[in-house]
Amino acid sequence: MAVPPIQPTRAVTAGPKGLSRTLGVPVALDVVLGLLVAVVLPLAVVAIPNTISVVAALLPPEISQVAMVRAHGLALPAMVLTVPLAVLAVRRMRAAPALVVGLALLAVADAAGGYADSAPMVGILRVLHGIGAGLLVPATLMAVWERSPFLRAVWGGVLALSLLAAQALALWPLDEVRSWRVTLQPYPMLTGAALVLAALYLVLWMRSGEGAGSGSGAGTAERGPLLMAALPAAGIALLALGSTFDWPSPLLVLAALLSVLALFGSASLVALDGAGGRTPAYTMLVVGVVVLPTAAQVTYVELGGLGGPGLSGLWPAFAVAGAIGVVAAVLVSRMGDGGMLLVGAGGLVTVVAGLCAVRLLLPTSDGPVLILPFVLVGVGASVALTSALRSCGSGVALFGLSLLFPGVLSGFLLGGGVQFIWLKDAKTPQALVDGFVGALHLWALIGGGLVVVTIVLCAVLSRRSSGVGSDGVRTPVAGGGDPWGGPSSTEGSGGLGRAEPQPDPRPVKTGTSLVVPPPAPSPEDTPEEGPARP
């Protein structure tokens, strides 16, 4: 049989330059993207805390402190409203341009912050901060999703660390400041460096050929759940704004509890024909409700003025928790798909252990003692987020992200209501300290209860999706896979008690790779010639 001559590929004919482009650009792209994740996520999350009350004494007498606090608090509601819409935008315009746009908004808000002189101006700039941050978080998630599982794990670890340290990072620039405007531009040089990195990433992304086509946009199956997430997000944002007008503490607590229930209801409706989309959504939601509000209260209780070690005594705990959390997330990313649900449950159990440590060990004037609760909460959140991202498709991950930040806002509302109840009768400095500590201990109990409920929900969903009845016998489960690209209901979302596989005309997915890959052209083909024939 005649053997046709081998046609040279373009990479070979291009010589060393083509080979360098093939091998070098993706590596540089991953390196720059990893640096972007490490810088951008903390910048985005640090926009959340409302710190203007710390420097209220520096405000001019003609500016109302109440109006300024209300204006400064607009960043988180703006972020909550932006994330679901940003998910749709990122799906259409892709991640690299969205990163540049989001960082440009942060840079503009930082630069204008030095000239703010009124509460309305502060409100506008804080809304810009929220919009920019709300665009950056889903953009970074989509960027790492297009690369490697390692970068996805780094994203989960850095997000957990950012939630843990956001309050302290927002307070650090305010130490011994002479201008209240620092609250509007806490890290302007870091924002500029991140913008340069984003521009470099955009250039490398376009050179790699991934920017040749535009994004496909979100389909009908994605727009529906995202709009479903946007409705409670809008309601919670309005609730947060209304609560600043002297609501009674019991009413605030009740409204916050109802908002948490509404978010869990949205997470329950994301995948009507299977549990594949619900477990990651529950996980990301409860991490948002618990981690940042808890860390914010711990940070305030451990400040020097309340008898703690102060910010200088907090940074070793954050550094150790962050390093161990990222390493744990990377290790989880190297595990097989089968045990991801069990690993995620273990991460949430670790968060509960951290909340128990908060109740038992805090407050303390000894900085090293803080390492234990911070490591437990940070590592648990990192592992839970990484396992959730590992066991779902990109659509489910983005939907879960659209619930995470409304969860943060609900957690702040609930924690704030608990604090108001404990502090309403505080008349002396010691009573004030006791009130903060009592509120922290009660909040740790509430947060731990929410995490335990989430673990039970995920376990029940796993059992039902595996088709395991009350008698322990597995039965087929009606319904196909998750339309968002996550594991099908017959896969069990993590390998615990798998049901027998059901016939399905579509390719079966395990994690993010196909068991039977679609036909692909030979490396020796050129686009003009089509696939090589034997």
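This is a predicted model: local features need pLDDT of at least 70, side-chain atom pairs count only at pLDDT 80 or more; totals for chains, interfaces and linings use all residues.

I started with V144 and asked: is V144 buried or exposed? V144 has a relative accessible area of 0%, so I put it down as buried.

V144 sits in helix α6. Setting aside neighbours within four places in sequence, I found V144 in contact with L33, V37, L151, R152 and W155. I looked up L33 too: V144 and L33 are 111 residues apart in sequence, yet 7.5 Å apart in space, C-alpha to C-alpha.

Next I checked how α6 packs with α5. Helix α5 covers residues 95–113 and helix α6 covers residues 119–145; their axes lie 8 Å apart at an angle of about 155 degrees. Angles over 145 degrees count as roughly antiparallel, so α5 is roughly antiparallel to α6. I noted the crossing of α5 past α6 as left-handed.

Who meets whom here? On the α5 side I listed, among others, L99, L103, L106 and D110, and on the α6 side, among others, L128, H129, L136 and A143. By class, this contact of α5 with α6 has 18 nonpolar residues, five polar and one charged.

Then I turned to the largest nonpolar core, which has 149 residues. Which of them touch the most other members? My list reads L141, W155, L163, W180, Y201 and F405. W155 was already on my page as a contact of V144.

Helix α12 (residues 311–333) and helix α14 (residues 371–390) have axes that come within 8 Å and cross at roughly 30 degrees. Under 35 degrees counts as roughly parallel, and α12 and α14 are therefore roughly parallel to each other. I recorded a right-handed crossing where α12 passes α14. The contact includes F318, I324 and V332 of α12, with F374, V383 and R390 among those of α14. I sorted the residues of this contact into 14 nonpolar, five polar and one charged.

Last stop: T279, in helix α11 (residues 278–301). T279 counts as buried because its relative accessibility is 8%, and the cut-off is under 20%. Again leaving out neighbours within four places in sequence, I found T279 in contact with L341, C458 and L461.

Technical notes. Residues are numbered from 1 along each chain as its sequence is written. Side-chain values use heavy atoms; hydrogens and water are left out. Axes are lines fitted to C-alpha atoms, for helices over the stretch in contact, and angles run from 0 to 180 degrees between N-to-C directions. Helices (H or I, at least four residues) and strands (E, at least two) are DSSP runs, numbered from the N terminus. Angles under 35 degrees count as roughly parallel, over 145 as roughly antiparallel, 65 to 115 as roughly perpendicular and the rest as oblique. A crossing is left-handed if the near helix is turned anticlockwise from the far one by less than a right angle, and right-handed if clockwise. Contact means heavy atoms within 4.5 Å. Ala, Val, Leu, Ile, Met, Phe, Trp, Tyr, Cys and Pro count as nonpolar, Asp, Glu, Lys and Arg as charged, and the others, Gly among them, as polar. Buried means under 20% relative accessible area, exposed over 50%, partly exposed in between (1.4 Å probe, protein chains only). A nonpolar core is a set of buried Ala, Val, Leu, Ile, Met, Phe, Trp, Tyr and Cys residues joined through side-chain atoms within 4.5 Å.
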